[in-house]
Amino acid sequence: MKITKKQDGTQLTIALEGRLDTTTAPELEKELKDSLGGATELTLDFSKLDYISSAGLRVLLQAHKTMAGKGGMKVTNVNEIVGEVFDVTGFADILTIE
Amino acid sequence: MKELKLKARVENIPQVTEFIDAQLEALDCPMKAQMQIDVAIDELFGNIAQYAYGGAEGEATVLFDFDAAERMASVTFVDGGAPFNPLAQDDPDVTLSAEERVAGGLGIYLVKKTMDGVEYRRENDENRLTIHKRI
């Protein structure tokens with residue numbers, strides 16, 4: 001998985017490319033741990049994300065909770081596979097998806 | 001029937017995915033079904049790698065089968081760990097809020113929802129979990 005980070009003031013955008021799964025979720029977890037301190041708004045750009053498994057959902061839930069007290073988190077450009085995972089697991093109701 | 005035997009380690013998940021994807025690509029499997037199967041591999045082989053041998057090192061076998069008449073692909077995960085039937089777990093409550101969510105159970109639930117069938121058997125002191133997906 002490739003992680004690309006863009007910081008605009010306190011707005012942080014993280015774009016993921018590849019697969020967010022058991023092997024790669026720890027990479028995103030570490031990146032968020034290092035980067036979320038100064039961010040008030042987080043955007044996760046999934047335009048190049050192929051799929052997500054439950055290991056990735058766990059990291060998204062953590063990030064969602066961390067950002068809930070600040071400006072919030074949104075997920076953008078979700079493909080059909082990722083959208084299905086969000087729908088089936090109820091994450092579509094928890095996350096802000098645009 | 002194609003077979004891959006390897007150490008049940010998280011680092012080996014990509015090797016399993018590659019093995020199954022090669023079979024699916026040869027069968028002109030639609031990309032959506034292939035990715036759903038890849039997610040299922042991550043959930044199921046990942047569970048075996050993390051839990052089947054209680055932290056000790058063990059082996060797992062992945063079998064691929066295809067019923068051409070039904071266009072049904074089947075992947076079986078075999079491990080020699082303690083008896084564990086993931087299908088016997090209660091489904092998680094997917095209506096809970098972020099604060100109420102508890103870890104666990106989502107992966108197998110996702111597999112049940114996206115595959116056309118999932119079966120568990122305990123046989124010869126091994127756990128055998130099979131997923132079926134029409135491609």
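What covers the buried residues of α1(A)? I note before answering that this is a predicted model. I find that the cover includes β1 (2–8), β2 (11–20) and α2 (54–68) of chain A.

I then listed the residues concerned: in helix α1 of chain A, residues 25–35, the buried ones are A:A25, A:L28 and A:L32. Seen down the axis of α1(A), these buried residues fall within an arc of 60°, so they line one face of the helix. On the other side of α1(A) I find A:P26, A:K30 and A:D34, which are exposed.

Next I turned to the contact between the chains, which takes 21 residues from chain A and 23 residues from chain B. On the side of chain A that touches chain B, the elements giving two or more residues are β3 (41–52), α2 and α3 (80–89) of chain A. Of these I marked α2(A), which gives the most to that side, with seven residues. Sorted by class, the side of chain A that touches chain B has eight nonpolar, seven polar and six charged residues.

In chain B I traced an open sheet of five strands, whose order is β1-β2-β3-β5-β4, with antiparallel pairing. Its edge strands are β1 (2–7) and β4 (117–123) of chain B, each of which pairs on one side only.

For one pair I looked at the detail: β1(B) and strand β2 of chain B, residues 59–67, run antiparallel and are joined by six bridges. Within that pairing, B:K2 has B:F64 in β2(B) as its bridge partner. I also noted that α2(B) packs on the sheet, where it touches β2, β3 (72–79) and β5 (126–134) of chain B, and that the direction of α2(B) makes about 10° with that of β3(B).

Last, I looked up the largest nonpolar core, which has 60 residues; those with the most contacts inside it are A:V82, B:A40, B:I41, B:L44, B:F45, B:I48 and B:F77. Helix α2 of chain B, residues 31–52, gives the most to this core, with ten residues.

Note on methods
Residues are numbered from 1 along each chain as its sequence is written. Chains are lettered from A and ligands numbered from 1 in the order in which they are written. This is a predicted model: local features need pLDDT of at least 70, side-chain atom pairs count only at pLDDT 80 or more; totals for chains, interfaces and linings use all residues. A nonpolar core is a set of buried Ala, Val, Leu, Ile, Met, Phe, Trp, Tyr and Cys residues joined through C-beta atoms within 7 Å. A residue is buried if 20 or more other C-beta atoms lie within 10 Å of its own, exposed if 12 or fewer, and partly exposed in between; C-beta atoms are placed from the backbone. Helices (H or I, at least four residues) and strands (E, at least two) are DSSP runs, numbered from the N terminus. The arc is that of the directions from the helix axis to the C-beta atoms. Two residues are in contact if their C-beta atoms, placed from the backbone, lie within 7 Å. Ala, Val, Leu, Ile, Met, Phe, Trp, Tyr, Cys and Pro count as nonpolar, Asp, Glu, Lys and Arg as charged, and the others, Gly among them, as polar. Two strands pair if DSSP finds at least two bridges between them. Axes are lines fitted to C-alpha atoms, for helices over the stretch in contact, and angles run from 0 to 180 degrees between N-to-C directions.
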